[in-house]
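This report describes selected features of a protein model, beginning with a sheet and ending with a pair of helices.

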Amino acid sequence: MPDRPIRLSLHNFEERRLEVEMLLGRGQTAVARERLKSLEAAAQGAQQELGRIAELYTRAGRHAEALRCQRGATALSPRDPRVLYNLSAALIAVGELAEAERVLTEVIALDRHDADAYYNRATLRKQTPDHNHVAEILAELDSGDRPASGVAGLCYAVSKELEDLGEYTRAFEYLKRGADARRKRLTYRVEADEATMAAIAQAFDRSRFSPPATPVSGQPAPGFQTIFVIGLPRSGTTLVDRILSSHTDVESLGEINDFALSMMRILGNVADKGDLIERAAAMNFRALGEAYLTSVAGYERTRARFIDKTPLNYLYLGLIHLALPGARVIHLRRHPMDSCLAMYRTLFRMGYPFSYDLTDLGRYYLAYHRLMEHWRTVAPGAMLEVDYEAVIENQEAESRRILAYCGLAWQPECLDFHLNDAPVATASAAQVRQPIYKSSLARWRRYERELAPLAEILVQGGIDIA
């Protein structure tokens, strides 16, 4: 039974908010959502509280509810640029891109130093000679009073708009300036990620794998309802997610952390990454699978199959194979140079710190490539590999292949993935609401000279970039 609405006070609100955070961390999503409903009812008329509830709804995968709270907060503070910015993010997630652009323009009018607003607005559509913001962004970038912290966002914004206008040399100049500014603010060391992926391969050697147990006659294998879509960010994972979730038997849970969190809850305290990897390789895999399925059960699913589209689950492919033998795993690949460029030209809000330096990118890509080669060797048949370029060039054939692998009957609606109205909370939110387009193929050729250092790293590492 849902909780009764509470009488809101600052102390009471913070206590209940922390409870919801704890429930989400434990994978008790269904209970967390019930608490949020009660908290939202009590927070009416409280702008800051509605905004924080919206953030928790987003974490719980409830984007429509998050938008409702953000609209409520905006009604209470219609001239607050921070409140409006949060509203724009909620609008983007549910596909209201035109309204989001209008709101972001209002944000900038109220606070011309909001670099994130310039960047988000630039990504919502292709800019044109008659309708762009290049002069406006450059004026802010060159102004003497803009905060130093805004350089990255402004540079990424103007780079994206200049690329849309075909000014590739200038676009890359600003892109590099923005990436350099972002990288300087990070303490990231690519060596740590290289060591982690090497340790995963060593711990999950061939001896860890054996043929999966045969299911009891008439019963599906554990995890049969799960479809994992994995790969590097910006490799086409969201596109495949939308194709699959356009099927009437499939829904997407988006980028969730339930698998990694389930693992961490079982393992408990670990000394370091090395200890975590060694203990994970020897853990109770069946218990992990059960914990994960219990966790995702809280998402109030309405269809028989669901997608976990967390790109970096490729790190856990061995665990997924052992814990959920009935699951389907789809690995997205993309041309190495296009893959790296796509990450480099994206200003990620969280994660992916390797994406702001070409040397870091090259080294990280090689480590990822080695790990995927390892999974192919020790767990053959554990995944279907799909090339982004093949999906773009042969949409129907590849869509049919993907559905067949998942044991799903063909539905022509999967070709109209751009009409899928489910929320998208990734950097591809605008792109996947358009039909298939080919302008992203071989994009790296526009910047072949500037990307030469990256190409050299990849070629020396044995990667074919032809």
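## Strand 3 and its sheet

In strand 3 (residues 305-308), Arg305 and Ile307 point one way and Phe306 and Asp308 the other, and all are buried. Buried means under 20% relative accessible area, with exposed being over 50% and partly exposed in between, for a 1.4 Å probe and protein chains only. In a regular strand the side chains alternate between the two faces of the sheet.

The model is a predicted one, in which local features need pLDDT of at least 70 and side-chain atom pairs count only at pLDDT 80 or more, while totals for chains, interfaces and linings use all residues. Residues are numbered from 1 along each chain as its sequence is written, and side-chain values use heavy atoms, with hydrogens and water left out.

Strands (E, at least two residues) and helices (H or I, at least four) are DSSP runs numbered from the N terminus, and two strands pair if DSSP finds at least two bridges between them. Strand 1 (residues 226-230) pairs with strand 3 in the parallel sense over three bridges. Strand 2 (residues 250-252) also runs parallel to strand 3, joined by three bridges. The table gives residue partners in strand 3.

| Residue | Partner in strand 3 |
|---|---|
| Phenylalanine 228 | Aspartate 308 |
| Glutamate 251 | Phenylalanine 306 |

Threonine 226 lies in strand 1 and counts as buried because its relative accessibility is 0%. Apart from neighbours within four places in sequence, threonine 226 is in contact (heavy atoms within 4.5 Å) with Tyr292, Leu293, Phe306, Ala327 and Arg328.

## Helices 6 and 7

The axes of helix 6 (residues 97-110) and helix 7 (residues 115-123) come within 9 Å and cross at roughly 155°. Helix 6 and helix 7 are therefore roughly antiparallel, a term for angles over 145 degrees, whereas those under 35 count as roughly parallel, 65 to 115 as roughly perpendicular and the rest as oblique. Helix 6 contributes Glu101, Leu104, Thr105, Val107 and Ile108 to the contact, and helix 7 contributes Ala117, Tyr118, Asn120 and Arg121.

Terms used
Axes fitted to C-alpha atoms, helices over the stretch in contact; angles between N-to-C directions.
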